[in-house]
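Here is a short report on one protein chain. Look at its surface first, then at its inside.

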Amino acid sequence: MDSYLTNLENSGQDSKLSNLKHLLYGLQSAVYASSGELKVYGDQPTALFTNNTSLNSLNTSVSLKGDIEIATIKIEKAADLNTAIDLNSFSGFEKLKYIFIISEVETNPTVINNLIKNNTSKYILLYKISIGG
């Protein structure tokens with residue numbers, strides 16, 4: 001994630017950089033879909049927070065997906081590294097641009113890349129390994 005933000009900054013793509021920083025760090029309406037529970041905060045959510053065990057049900061469980069631009073997927077335990085992240089799960093999210101994967105367990109970029117299934121150039125994939133924070 002950090003290198004992608006740096007590349008946007010260095011290439012003068014200020015508008016894209018500003019929008020992504022807002023999606024990553026700004027306060028906004030959001031949908032939280034995790035472990036069978038669905039919570040919506042605000043109107044016209046632009047962010048989705050989920051985990052990889054909830055991916056298969058997103059297209060049917062999330063009704064307010066029309067404005068979502070970023071989906072954040074948390075990898076919370078080592079066993080999650082054995083579950084594929086199928087990007088077809090986001091096929092109904094028309095405005096989705098970014099998929100941000102946060103691993104809270106020790107891993108590496110190769111392992112995360114190998115989790116991704118049905119990748120197309122439709123989404124920009126970002127990841128961060130964030131242990132203990």
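A surface patch is built from residues with over 30% relative accessible area and no salt bridge; like charges are joined within 9 Å, and nonpolar side chains (Val, Leu, Ile, Met, Phe, Trp, Tyr) within 5 Å. A salt bridge is a side-chain nitrogen of Lys or Arg within 4 Å of a carboxyl oxygen of Asp or Glu. Accessible areas come from the Shrake-Rupley method with a 1.4 Å probe, and for residues only the protein chains shown count as cover.

This is a predicted model: local features need pLDDT of at least 70, side-chain atom pairs count only at pLDDT 80 or more, and totals for chains, interfaces and linings use all residues. Residues are numbered from 1 along each chain as its sequence is written, and side-chain values use heavy atoms, without hydrogens and water.

**On the surface.** Leu38, Val40 and Leu64 make a nonpolar patch, with about 230 Å² of accessible area together. Val40 sits in strand S2 (residues 37-41). Helices (H or I, at least four residues) and strands (E, at least two) are DSSP runs, numbered from the N terminus.

Buried means under 20% relative accessible area, exposed over 50%, and partly exposed in between (1.4 Å probe, protein chains only).

| Residue | Relative accessible area | Class |
|---|---|---|
| Val40 | 41% | partly exposed |
| Asp86 | 23% | partly exposed |
| Gln28 | 19% | buried |

**Inside.** A nonpolar core is a set of buried Ala, Val, Leu, Ile, Met, Phe, Trp, Tyr and Cys residues joined through side-chain atoms within 4.5 Å. The largest one has 23 residues, and Leu48 and Phe90 have the most contacts inside it. Strands S1 (30-34), S4 (70-75) and S6 (98-103) and helix H4 (109-115) each give two or more residues to this core. S4 gives the largest share, three residues. A second, separate core has 14 residues, including Leu23 and Phe100.

**Around Gln28.** Gln28 lies in the loop between helix H2 (14-25) and S1. A polar contact (N or O atoms within 3.5 Å; within protein, one able to donate a hydrogen and the other to accept it; residues adjacent in sequence count only if both atoms are side-chain atoms) of 2.7 Å joins the side chains of Gln28 and Thr46. The backbone oxygen of Gly26 lies 3.3 Å from a polar side-chain atom of Gln28.

**Around Asp86.** Asp86 is in strand S5 (residues 85-86). Its side chain reaches the backbone nitrogen of Asn88 at 3.0 Å.
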